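I opened my notebook to get to know this structure one piece at a time. Here is what I looked up, in the order I went.

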Amino acid sequence: MRLSVGEKIGAGYLLAIAIIVAGWAALHASTRRLAETQALHAHTLEVLDQLGLFESAIKDAETGVRGYIITGQPEFLAPYQEAQDREEGELDRIERLTRDNPEQQRRIARLRGLWREKEKMLRNNIETRDRGGAAAAAAAADLVQSGTGNRKMGEIRAVLNELRREENRLLLIRNQAVHDDSHNAVRLLAVCSLAGVLAILFAGTLVLRDITTRVKRLTQGSARIGAGDYAARIPEGSRDELGELTGAFNRMAGQLGQLQEVSRERDSFFTLSLDLICIAGFDGYFKQLNPAWAATLGHPVAGLTARPFIEFVHPDDRTATLAAAQGLATADTLVAFENRYRCHDGSYRWLRWNVRSDVKRKLMYAVARDVTEQKRSAAEIIRLNADLEARVSLRTEELARSNTELERFAYVASHDLQEPLRMVASYLQLLQRRYQGKLDADADEFIGFAVDGASRMKALINDLLALSRVGTQGKAFGPVDCGKILNDALDDLQLAVADSGAAVTHDPLPTVTGDEVQLTRLLQNLIGNAVKFRGDTPPRIHVGARREGGDWHFSVRDNGIGIDPQYFDRVFLIFQRLHGREEFSGTGIGLAVCKKIVERHRGKIWIESRPGEGATFHFTLPAAGARAEDPAASPSLSSSPVSGGTLP
Amino acid sequence: MNNSAPPIHILLVEDNPGDVRLTREALREFKVNNLMEVAADGMAALAHLRREGANFSKPRPDLILLDLNLPKKSGIEVLKEIKSDPELMSIPVVILTTSAAEQDVVKSYNLHANCYITKPVELQQFLDVVKAIEEFWITIVKLPPKTGS
């Protein structure tokens, strides 16, 4: 059933109304029949009336004729003439009135025949009287006296009486029918009304009982839900208003059940949490604490709620704690606040707090975590770090100092060594100048070795000085046009290049950041080396450059004698030589200076080579300006006369 | 040697006897008649120039060759005093030193040194330099007349 309660009640009432209307309809039909019966009744009376009139008219006509015959006075013929005129019409009317009754029609036909015979007899009597005199009168009287006329009259009366009897019988029957009909109608009305009332009562009772039952179920169900049985469900039954109410109840129960589940989980969370969870009031007391508190601090929860929480805070942290709590009365959040809480055994634990306050309810909802161990390790780490840093910076300082000292030592030593060296060299040369050939051959040779040693020492000291100057006498970095410094370096090497017939080519060269003097020296040393360590063919030297991130990668490639990979590291060490003095001159300082210059520019230098196949020296230098500088589009590219060309 | 002209007086301020001797050797080969006096430190040099104590009879030099690295009073201080003394400021001072340090060069010229020369290590070059000094300052340059002598 999908009817609402209202629809059910409506349906009951409709049924009742239909029953009552049916009663009224029956009554109406009966009334109409009654009216019809009454019309028929009137009809019968009219027929009887007409029959009376017909009979009296015949009597009047006979009486009139009789008078005429006796008196011969024509005035007596008036009723006869009237009857002649009217009686046929009367018969027609009666015939029409009783058309529904064939019995009566036959009787009327007989009556018509009898009347015509009667009328003929009367006319004969009149004619006989008219023909003459006393004889006629006698004849006529004779006629009258013969009784023929009376016999005819009797027949007519008999037929009329039959007609009257029939009509009276019909009248009786119709009266009875009218009476019965009206009684029936009243009874039907009464029955229908009763049925209607009963229908209403029945429908009402049904609906009432349905509603009562379901309301009772609803009441019981809600009582169970109210008692906490959220699994309880009320059977829904019909989907009417009550059904909807029941559904709403069931949904409410379901939601309450979910809420209860959520609340149970929240309780578990609160109880089982390892973090310290609490609710505290603006009045300075804890309102609720989870068991983690007792586990962490050793105080029973009851002991913690009994006194203002500030009493458990370390005396040194109380001011900050009170300030933080006061802050929470206006700002709603406090994050990572730390203070110390006293444990039952008198020790303190560090707690880190995250708090949210509800100003309206004057409550603070807080989660605290025991960070004592963390604090301890953090402090330890900080201490160790500080210690380490101190040691590192001390060591760094020592290193820097010893480095500086070494450089200064090298500088001072080479500088101050120059003075006595100059004396030695100068006076040896003076000796040579004045006494060569004046002493014996041995003396000349000794002086020769001494002069040679002094001049080599001079070269070494100059190199040492140059090397120490890379660190101590360097210029501030600025933009350096590598095309220009290559030209400068080649100018300095002009003689060596020309003598060896070397060809120097290069890529387009960029602008880098650095010390122009030192970078010139770097190129000069590398190209000088390439020229110096040439093979049997004239040197072909190429200076390459390509961008790699924020750096420029340079290469100086030659076709010289090359270097055995096992010496790659050694060639950058000071005064390390791979070849005898007779083979190649030099002190072995050049590449050490190169390494020091590149390192001062925070670059790297390395070699690629095989004996007999030439060598390539690679080094990197920081690019000038922006890191995203595009070498191809850069206006700082070298546009010197040797750009991309070949120098002899 | 041309002995007809009065000798040229040169004051060499130098603490290294080797350099003194080398300078003397170089001047020996020089054609102009010259007399070289030597002061071994800054104090002695100033005493000589101001004719203090035993120096009362010392002639005013025509040229001073001044080393910078000196005991007692450095060459820079000596230069400063010479160039701020109206009596002495007109004497040409040639700085002749082993130092090639830029700051020494700049400081010297700021104190109105007349020229700055780094001693060459090679004997021949040294001799050439001394010769060039003599030539330029004594035969080429017209010096102010001697005063106060």
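**Entry 1: where the chains meet.** I began with polar contacts and found 6 residue pairs between chain A and chain B, both residues at pLDDT 80 or more. A polar contact here is a pair of N or O atoms within 3.5 Å; within protein, one must be able to donate a hydrogen and the other to accept it, and residues adjacent in sequence count only if both atoms are side-chain atoms. I then asked which element of chain A gives the largest share of the side touching chain B. It is helix H10 (residues 372-435) of chain A, with 10 residues. By class, I noted 3 nonpolar, 3 polar and 5 charged residues on that side of chain A. (Ala, Val, Leu, Ile, Met, Phe, Trp, Tyr, Cys and Pro count as nonpolar, Asp, Glu, Lys and Arg as charged, and the others, Gly among them, as polar.)

**Entry 2: ground rules.** This is a predicted model, in which local features need pLDDT of at least 70 and side-chain atom pairs count only at pLDDT 80 or more, while totals for chains, interfaces and linings use all residues. Residues are numbered from 1 along each chain as its sequence is written, chains are lettered from A and ligands numbered from 1 in the order in which they are written, and side-chain values use heavy atoms, leaving out hydrogens and water. Helices (H or I, at least four residues) and strands (E, at least two) are DSSP runs, numbered from the N terminus.

Entry 3: I saw 11 residues of chain A in contact (heavy atoms within 4.5 Å) with 19 residues of chain B. About 1,500 Å² is buried between the two chains, with 47% of it from carbon and sulfur atoms. Buried area is the accessible area (1.4 Å probe) that two parts lose on being put together, summed over both. On the chain A side, A:Arg422, A:Tyr427 and A:Arg433 lose the most area to chain B, together 35% of what that side buries. I also found 2 salt bridges across this interface, where a side-chain nitrogen of Lys or Arg lies within 4 Å of a carboxyl oxygen of Asp or Glu. A:Arg422 turned up again, in a salt bridge with B:Asp19 (2.6 Å, N to O).

**Entry 4: a link inside chain A.** In one of them, A:Arg164 meets A:Glu55 with the closest N and O atoms 2.8 Å apart. A:Arg164 is in helix H5 (residues 148-226) of chain A and A:Glu55 in helix H1 (residues 5-71) of chain A, so the pair ties together parts 109 residues apart in sequence.

**Entry 5: the sheet of chain A.** I traced 5 strands in an open, antiparallel sheet, in the order E2-E1-E5-E4-E3. Two strands pair if DSSP finds at least two bridges between them. Strand E2 (286-289) and strand E3 (333-342) of chain A are at the edges with a single partner strand each, so one side of each has no neighbour in the sheet. E3(A) pairs with strand E4 (residues 348-358) of chain A over 9 bridges, and A:Arg340 has A:Trp350 as its bridge partner in E4(A). E4(A) is joined to E5(A) by 8 bridges.

**Entry 6: the sheet of chain B.** Here 5 strands form an open sheet in the order E2-E1-E3-E4-E5, and the pairing is parallel.
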